[in-house]
Amino acid sequence: MPDHFYTSEHLASYADILAGELPDGWTSTHLPADAKDDLAELTDRVWDLDLVAASLTEHPPLQAAVLHRPDGAQLVLLDRHDEREGFLIAAIAPRALPDEAYRAVPEPNGVALADDPFVGAEQIAGDLLTRYDSALAQVRHNALGGIQTSQPDRVVLTWQPDGSIATVPADDRASTVLTSHGFIQDPQSGIHRLSGDDTQAQARALREIGPRLDALGIGTALQHPAGQTAPTAAPASVPPVPAGPRTPATPSR
């Protein structure tokens with residue numbers, strides 16, 4: 001049997017057992033070598049500035065396994081490139097949170113795992129998950145700064161420094177309307193964000209969600225991060241945003 005086949009099968013099998021041994025219902029997904037775009041995105045989102053980051057700098061992943069928890073938390077399992085058996089595992093940073101949310105939050109750096117998934121699960125549960133959950137709680141708290149939680153009868157939209165608009169809808173009715181008009185939901189924080197990269201598209205989305213929410217008996221309100229809130233029941237047609245593209249901010253974690 002070719003070595004690369006054995007290695008691929010071994011990583012996927014290890015990840016499946018590992019997910020089953022971790023608390024809170026984890027599952028795993030194997031990413032093979034031909035999933036280049038997914039592997040590249042994972043590399044960008046690895047939440048590590050130590051062992052795993054150093055390995056990725058020298059050895060871009062040819063495969064990986066992503067472990068998923070029902071609340072949206074993710075871990076990535078990677079091959080090691082030294083003389084030792086086992087794997088590397090690291091946390092994955094949430095996709096939808098702004099860069100500002102990560103400032104002053106220590107990275108939950110990954111760890112090297114023994115070549116026994118049962119021992120590896122103990123390593124993760126006793127160390128990495130504790131640090132990961134702590135970091136997640138901090139960035140979620142930071143991301144909510146200035147964003148007022150919506151009510152069942154009102155969606156509060158908050159302008160962000162990068163030009164995006166963020167909101168935390170109170171229920172699935174509002175969430176469905178928002179996501180159908182370009183808002184991206186972060187499953188870990190509940191925050192829905194509408195990018196400001198294309199301000200014409202942003203303004204159009206804001207104008208369109210007003211009538212749809214109004215039909216459900218849900219008003220809308222705009223506020224600035226400083227807390228200056230727009231009228232309680234903003235008109236269905238939200239004031240348009242000045243036209244013109246913006247340059248996306250450079251990620252900095």
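1. Strand 4 (residues 87-91) is mostly covered, five of its five residues being buried, where buried stands for under 20% relative accessible area, exposed for over 50% and partly exposed for the range in between, with a 1.4 Å probe and protein chains only. Helices (H or I, at least four residues) and strands (E, at least two) are DSSP runs, numbered from the N terminus. The model is a predicted one, in which local features need pLDDT of at least 70 and side-chain atom pairs count only at pLDDT 80 or more, while totals for chains, interfaces and linings use all residues. Residues are numbered from 1 along each chain as its sequence is written, and side-chain values use heavy atoms, with hydrogens and water left out.

2. In a regular strand the side chains alternate between the two faces of the sheet. In strand 4 both faces are covered, with Phe87, Ile89 and Ala91 buried on one side and Leu88 and Ala90 buried on the other.

3. Strand 4 pairs with strand 3 (residues 74-79) in the antiparallel sense over five bridges, pairing being assigned if DSSP finds at least two bridges between two strands. Strand 4 is also joined to strand 5 (residues 111-113) by three bridges, again running antiparallel. Leucine 88 of strand 4 has leucine 78 opposite it, and leucine 88 also stands opposite alanine 112 in strand 5.

4. The second largest pocket holds about 260 Å³ of space, and of the 18 residues that line this pocket, Glu41, Arg45, His68, Gln74 and Arg95 are the closest to its centre. A pocket here is an open set of points on a 1 Å grid over the protein atoms alone, where a 1.4 Å probe fits, with protein on both sides within 12 Å along at least five of seven lines, and lining residues have an atom within 4 Å of a point; the volume is the space filled by probe spheres set on the points, which are joined across faces, edges and corners.

5. Two or more residues of this lining come from each of strand 1 (27-31), helix 2 (36-45), strand 2 (64-68) and strand 8 (184-185), and helix 2 gives the most, with four residues.

6. Most residues other than glycine have a negative phi, and most peptide bonds are trans. Aspartate 24, in the loop between helix 1 (3-21) and strand 1, has a positive phi of about 80 degrees although it is not a glycine, and aspartate 24 is exposed, with a relative accessible area of 58%. Alanine 104, in the loop between strand 4 and strand 5, has a positive phi near 70 degrees and is exposed, with a relative accessible area of 82%.
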